[in-house]
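Hi,

Here is the structure I said I'd pass on. Have a look at it first, and my notes on what turned up follow below.

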Amino acid sequence: MRFTRIPGTTLALAAAIALIGCGNKEEPAPAPAPVPAAPVAKPEITVKIGHAAPLTGPQAHIGKDNEYGATLAVEELNAKGLEIGGAKVKFELISDDDQADPKQGTTVAQKFVDAKVNGVIGHLNSGTTIPASQIYSDNGIPQISGSATAIKYTKQGFATAFRVMSNDEQQGKALAEFAAKTLAAKSVAVIDDRTAYGQGLADEFKKAAEAAGLKLVANEYTNDKATDFKAILTKIKSKKPDLIFYGGMDPQGGPMVKQLKELGIKAKFLTGDGGCTPNFITLAGAAAEGQYCSLPGVPLEKMPGGAAFKEKFTGKFKTEIQLYAPYVYDATMTLVDAMKRANSVEPAKYLPEIGKTAYQGVTAKISFDANGDLKDGAISFYEFKGGKIEYVETLGGVPEAPAEAKPTADAAPAAAPAAAPAVAPAAAPAAAATGAIPAPAAEKK
Amino acid sequence: MDIFLQQIINGLVLGSIYALVALGYTMVYGILGLINFAHGEVVMIGALTALTVVKLLAGSGLPGPVIALVGLMAAVPVCMAIGYTIEKVAYRPLRKAPRLAPLITAIGVSIVLQNLAMMVWGRSYHAFPAILPAEAHEVLGATFTDLQVIIVLVAAGMMAGLLLLINRTRLGRAMRATAENPAMAQLMGVNVNHIISLTFVIGSALAAVAGLMVSANYSIAHYYMGFILGLKAFTAAVLGGIGNLAGAMLGGILLGLIESLGAGYIGDITGGFLGSHYQDVFAFFVLILVLVFRPSGLVGEKVAERA
Amino acid sequence: MNWNTLKHDRRTLWAGYAAIGIVLAVLPFLVGAGLGNAWLRILNFAMLYIMLALGLNIVVGFAGLLDLGYIAFYAVGAYLYALLASPHFGLHWPVWAILPLGAVVAGGAGALLGAPTLRLRGDYLAIVTLGFGEIIRIFMNNLNAPINITNGPQGISSIDPFHIGNVTLAKPLVVAGITVPSLHAYYYLFLGLALVIIFVTIRLEDSRIGRAWVAIREDEIAAKACGINVRNIKLLAFAMGATFGGVAGGLFASFQGFVSPESFGLMESVMVLCMVVLGGMGHIPGVILGGILLTILPEAFRHAAVPLQQAVFGKVVVDPESLRMLLFGLALIVVMLYRPAGLWPSATRKRELQGGSK
C-alpha cells in the first residue's frame, strides 16, 4: 500500500505547485470562437450542419429516422447546387449519437462547436436539447430542433434556439379541444409515461381539458419501458371514463390499446404525436380501430411537396417514415433558407434571418415567434381506420395553403409555468419498422 | 370485487412471466453462485428469433399454435448455443477470479448481445403476429385470454420439471454435487465443466420459452427488451431466495401481485398522495422489508458469502 | 520500475511529481488545442467519474460491500445543488454553502440507506442497494405533484454555474493577466477537488478506519472478534462513499446547468462499478485509471469506429454508432479475461490471486 500513498500525496502537492507555477508560464489558448469557415471569395465552400439524436439505445429507431430526414434535405440541397454569398455551397451533414443522455448531449454539442459547424439540427429529446442549447448559445450557433417539445427549451432566453414542432402546450390545448368538441367526451382518464415528453404533454392536456369542462376521473402512470398496463387499466375500468388520453410513445401506446380491449374497456383512446405512427397500428393490431391521435402541422399529403417527400424518403431509405423525419427535414431546410436570405453561411450573419423565416415546409408553414417557437400551432387529428391513419381535422393555425398565419396558439404562451427540459419528446422510442408516415388519407370528414 | 379479482389475475400472469425468466437466473446461481446478468439478453434473442420464424410462417395457413411451436423450436437451439458460448467465453476463464470479475464480463456480454441484436433485427419494435387466439374470456367480471392461462401453466410446469430434474435424476444429482463442492464432485467422477455448461444450456432454453411467451403476450419485441425484464426477474429471484427454484417461482408471482395491487390500490391507500408511478417503489420497499427480516429471501437457505 | 529505490531518491521523486503536476496543469490547453474542446469536456467528466469511482471504491473496494445504487448519492448532490441554486425555487445559495451541504446530506443518506442493509451480504445487498437507487430516482422523477419539488421528468434547468462572489466559471476567467476559458477553469476546479478526494482516500486507507474496512472485507466475524464495531464501521463506509458522490453530483449540476432523473439511472451505477472493478478494486491508482478509461473509451470508439472498419474491411460495413457500444462491450470482456483482478490491482491482491491459482 505504501507505494500508492506516496505518489498520491505528492501528486497533489506537485500538481498544486505546478498549477501555481504554470499560472505564470502558460499561455492559455483562448477558447475557440465559433468562426465559421466561410471564405466567400472561393468558388466552393463547405457548410457543415450538425445533427444529433440517439442512434443507439431504446430510441435509436426514432433517432435514425431523424437522421434520414436531415440526410434527405442535405442531399437535395446539394443536388440543387446552391450559391450563397457568391460561392457554390456544398452541405455536409455531421451526424452524431447522443444516446438520449444529457451528458453525452453536451459532449456532442461541444464536438459540433469544435468542428465549427454552421448550424445544428436537433437534438431529438428535450432532455439533451436543453443542456446542449446552452453550449450552442454560448458559441452563437443556431439550433433548430424538429422534435423537442418541452416548453422550457425556447424559454431560456437563447437567441439561437428554435423548433419547427409545436410545443407541449400548443398540442395539449388542441388535444383537449378535440376531446371536448369533436369526441364530445365528458370524463377522461389520463395516463403518462413519466418521461419529459409524456408527462409534459399529459399535464398540458389535463390543464386544458379541465378548463374545457372535462372531468378528470383517473390519473395513472406507467414508464417508457413498460409492457404490461393491465393493473392501471383495470383501475381505470372501475372509473368508467368516456375517453383515455395517453401521453407517451407508440411502443407503449400500441400494446396499451390491445390490453384495453382484452379487459373489455369501451372508452375511446386518444394520444399525441408519439403514438401517431403506423407502428402503433402494427403493435395494437385490430385494437387500434377507431382510436385517435394528433400530429403537429398539417398532413403531408395536403402540403406542397409533402407527397414527393414521402416518396423520396421511402425510395431512398427503403423504410417508411417513422415519426419526426419530415419535421427534421423542414428544420434543415429552414436553416438553409435563412442562410440564403442572409446571403451568408456565417451564424452571426444568418441567425437574425431565422427569426424572420416564412418558409413553406412539408409539415407546416414555418415562422417563429419571439421565443423561437413555431408560430401557427396547427395540430391535425387522425383516426385509426382499417389499418390506416385517416385524417379527421386540423385545429388552430392555418390548415392548408400558405395563407397568412393567424395563430391560435401563437406566441408561446407566457403562461407556461412549469416545464423544463427533459427527456423528451421525441424521446420516446417509438415507432417501428413499418411505418408510413401518418398518411392521412385526405378524406375530410 | 370484479376489479380486485382482475388485479389478482393481472398479477398472476405478470408474476408467471417474471418467474419464467427468474428460473433461468436462479438455476445458474444455484450451481455457480454467479448472477448471469446477460440472462435477460438471452430472453430477448429468444423472443426475436421466435418472432422472425413466426412472421415467416404467419401466412402459411398452418394453425397458430403449430407456428408458435415451430418458432419455439427455432429459438431454443439458438438460445442454447448463445448460453453455451457465454459460459465458455465469458465465465469459465474467470471461475477462479475475484467474484466481481464475471459480473463485469456479464455486463460486457449484455452490451454486445444488445448491439448485435440491433444490427440483426434493426432498431424497430416488432409486432408479434396475431396467430394465437386472443379473445378474452370473462369470469365474474374479470377477463383473461388463453395465452395467459398457458403462461401460468407453463411457468408452473417448468418449475415442476426442473425440480424433478434436479432432485430425481442422475444429472440432477451431479448438479447438486457441483453446487455443493465442485472439487469434490470432480473427484467423484462428475465432469464439472460439462455440468456447468449443461446448466447454462438448460437455463438458456428456458429463456427461449420465456422470450416467446413474453413477446406473444404483449405482441411486441425489441432488442432492448431484455434489460428491464432481466432486472425484474433478478429482483424476483432474490425475493424468493436466489438459487432456490421454488423461491424463484414464489418470488416471481409475489412480485407480479405486488406490482399489480400496488398500481391498483396504492393511490387509495395513501389518499391519492402516491399514485401508480410509485409502483416500483412499492415493489422495492416490500423487497427490502422482506430482506431485512429474512436476509436470504423468503425460502432461501442461509448463505455466508461476501462480495 | 522500482518504486523503492525511487522513493529513496527524494530529488528524483520530487522531479517526477513536478513533471506529473506540470502535465496535469497544461493538459487542458494541449487537449483543447490538439483534440478540441469536446475532449476537454470529456476530460472534465472523467474527473467527476474519478471522484465517483473513488467514493464507490470505499464501499466496494475497501469494505467489500457490493453497492449497485451508488448513483443515488450523486443524484442527491446534483439535485440539492439544482434546487438551491436555480430559478426553480428562486434560490441562489453560494457554492461554498451548497457543496458541503450536499456532501453532508448525501453522507447522511448513505448512512440512512446503509442501516437496513447491515445484515445482508453479497447479492442480497446488491439488490437492496439497487432498489434504494431506483427508489430515489423514482421519487425525483415523480415529485412534481402534488407539490412541485423536483419538477419531475422535466428536470431543472438554468442552474447557476459555479461561482464565488462575482467570479463565475461560466465566463472566461482572467487570472493574473491570463485568460482561462470556462471549460479550462472547470477542469482546474474538478482536478483540484479530485486531488483532495484522492488525498483523503489515501489517508483513509492507511488509517485505523481503513484497516477496519479491510478487516471486515476479509472476514467479518474475525473483525468483530478483534473488537471492531462492525455496524458503525460499515455505516461509515456507506456515508464516506456517499459524501464523495454528493460532492461530485453538485459539481455535475453546476457544470451541466441541467439535471433530470434520466442522468441517474441504474446503468450509471453499473458503469461506476465497472470503473472500480476494471481498474483494480481497492487500489486507488487502479480505480483512477478505471475511471479515466471507461469515460474515454466510448468516446474514442466514436472516432475510431469508421477508420477501424476501413482498416479491417477496406470499407464501412456497419454504422459507426452501432459499432461503438459493441466495441465497448467487447473491451469490458477482454480486459476482465486477461486481467481478472483489474488493470492495475494492488500488490497484495495480485499476490493472493497468484497464490490461489497455484
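A salt bridge here means a side-chain nitrogen of Lys or Arg within 4 Å of a carboxyl oxygen of Asp or Glu. By that rule, the interface of chain C and chain B has zero salt bridges. Keep in mind that this is a predicted model.

What does that interface have, then? Four residue pairs across the interface of chain C and chain B are in polar contact, both residues being at pLDDT 80 or more. The side of chain C that touches chain B is made up of 37 nonpolar, six polar and 10 charged residues. As for extent, 53 residues of chain C are in contact with 52 of chain B. Together the two chains bury about 4,400 Å², with 77% of that on carbon and sulfur atoms. D123(C), Y124(C) and I127(C) account for 17% of the area that chain C buries against chain B, more than any other three residues.

Which elements of chain C give two or more residues to the side that touches chain B? They are α6 (122–142), α8 (208–218), α11 (266–280), α13 (320–338) and α14 (347–357) of chain C. The largest share, 13 residues, comes from α6(C).

Now to chain A and its sheets. One is an open, mixed sheet of seven strands, ordered β8-β7-β9-β10-β11-β14-β15. Because β8 (215–221) and β15 (388–395) of chain A stand at the edges with a single partner strand each, one side of each has no neighbour in the sheet. From one strand to the next, the twist averages 25°. Inside this sheet, β10 (268–271) and β11 (292–296) of chain A pair in parallel over two bridges, and T271(A) has C293(A) as its bridge partner in β11(A).

Helix α7 (230–239) of chain A lies across β7, β8 and β9, at about 170° to β8(A).

Another open sheet in chain A has six strands in the order β2-β3-β1-β4-β5-β6, again with mixed pairing. Its edges are β2 (83–84) and β6 (161–163) of chain A; each has a single partner strand, so one side of each is left without a neighbour. Strand β5 (143–145) of chain A runs parallel to β6(A), joined by three bridges, with Q143(A) opposite A161(A). Helix α11 (325–342) of chain A lies across β1 (44–53), β2, β3 (87–97), β4 (119–122) and β5, running at about 160° to β4(A).

Cheers

Terms used. Residues numbered from 1 in each chain as written. Chains lettered and ligands numbered in written order. Predicted model: local features only at pLDDT ≥ 70, side-chain atom pairs only at ≥ 80, totals over all residues. Heavy atoms only, no water. Pairing = 2+ DSSP bridges. Helix = DSSP H or I, 4+ residues; strand = E, 2+ residues; numbered from the N terminus. Axes fitted to C-alpha atoms, helices over the stretch in contact; angles between N-to-C directions. Contact = heavy atoms within 4.5 Å. Buried area = accessible area lost by both parts, 1.4 Å probe. Polar contact = N/O pair within 3.5 Å; in protein donor to acceptor, adjacent residues only side chain to side chain. Nonpolar A, V, L, I, M, F, W, Y, C, P; charged D, E, K, R; others polar.
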